[in-house]
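Open your viewer and keep the selection tool at hand. We will go from stop to stop.

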Amino acid sequence: MRRDEFTEMRAFLEVARERSFTRAAGKLGVTRSALSHTIRALEERLGVRLLSRTTRDVAPTAAGERLMGNIEPLFQSIAAEIRAIGALRDKPSGNVRIVCPDDAIELVFRPKLSTFLRDFPDISVELIIDNGFTNIVERQFDAGVRLGEAVARDMVAVRIGPDVSYAVVGSPDYIARRSIPRSPQDLVNHNCVNLRLPTSGALYAWEFAENGREFSVRVDGQLTLNNIGPAIDAALDGVGFTYAPKDLIGRYVESGQLREVLTDWCPTFQGYHLYYPSRRNPSPAFAAFVEAFKQRSR
C-alpha cells in the first residue's frame, strides 16, 4: 500500500468513527478542509461514495460500512503491534486515554497525577470529562471511570478510590430564606440544582437511603447543569440545594460557606473503578497507569 493510500484509509476510518469531519480532523492533527480533500480523493479513486454528508451529520454509506468493517481490524492490529514494540523499551511510553466523570478528576486523579507524570515522562495522559455512559471501545478510550455498582459485568474493574459519600448542601443565606428539609420528600418544595444526564437526557434523581431501603427523589429548581463543579458553585452562590460528594464540599462546610441537611438520609456508594474490556491487551503505559492509581488494600 502506498503512503497516500494508507493516509486516505486512516482518514476515512477516523471520519467514519467520529461521524464528524471537525472531530476527526482534530484527532488527526490536520485541518478540516485538508481532511475533506483527502476523503474526496479516496472516493474519486475508488469510484464510489463512502460517506453520506448532510449539514448536521456524516455517516458511512453501504460501501463505507463495508470498507470500515474490513479495514478497522487491520488498523487495530497495527496499533496493537506498535504498543507491543513499545514494550521493548526500558520505560513505558505512549498515550493513555481515560473518560471519567468530572468529580473523579478531583477525587481520584489530581492527588496522584503529578507524581505519575513525573515518574513516567514518556507517557502522555488524556482525561476526558463525560458524565454519561460512554462506549469506551467505540470511542477508543483505554478505560473509563464509574462508581463500582455502575460497571458492566463483562468489564475488568479496578478500584481506584475509596467509597463516596454524598450530601445535600445549601448556603446559610438560602436556608435562612427558606425552611430546613426534614425528609428527602421535603426537597420538592425547594429550589434544587438539577444535573442533566448526557446519555439519557433525563434529570438525575437524588438518591437516599433509610434503614437499608434505597429510594430516589426527583427534585425541581430553576437551574440545571451537567457537571458537579458548577452545581457546587451554584449552592455557594445561594441558588438552592445541591447534591454532591462530601469530599468535594467538605472545606466549604468546615468554613461555614455551606451547610449539610438530611445527613441521616444520604447514602455512601462503592468507590470509583477504572474499567476496560477483559479482552484488551494492555500496553505497558496503561499497565503502569493502572498500577499507579489502583486502590491499595489496607
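Select Arg53 and Glu43 first: their side chains form a salt bridge, 3.1 Å from N to O. (Salt bridge: a side-chain nitrogen of Lys or Arg within 4 Å of a carboxyl oxygen of Asp or Glu.) Arg53 sits in strand β1 (residues 51-53) and Glu43 in helix α3 (residues 32-46), so the pair ties together parts 10 residues apart in sequence. Helices (H or I, at least four residues) and strands (E, at least two) are DSSP runs, numbered from the N terminus. Glu43 is buried, at 9% relative accessible area. Arg53 is partly exposed, at 31%. Buried means under 20% relative accessible area, exposed over 50%, partly exposed in between (1.4 Å probe, protein chains only).

A note on the model: it is predicted, so local features need pLDDT of at least 70 and side-chain atom pairs pLDDT 80 or more, while totals for chains, interfaces and linings use all residues. Residues are numbered from 1 along each chain as its sequence is written, and side-chain values use heavy atoms, leaving out hydrogens and water.

Next, select Arg17 and Glu72. Their side chains meet in a salt bridge of 3.0 Å, N to O. This pair links distant parts of the chain, 55 residues apart: Arg17 in helix α1, Glu72 in helix α4 (residues 62-86). Arg17 is buried, at 17% relative accessibility.

Move to Arg97 and Glu126. Their closest N and O atoms are 3.2 Å apart, in another salt bridge. Arg97 is in strand β3 and Glu126 in strand β4, 29 residues apart. How many salt bridges does the whole structure hold? The search finds 15.
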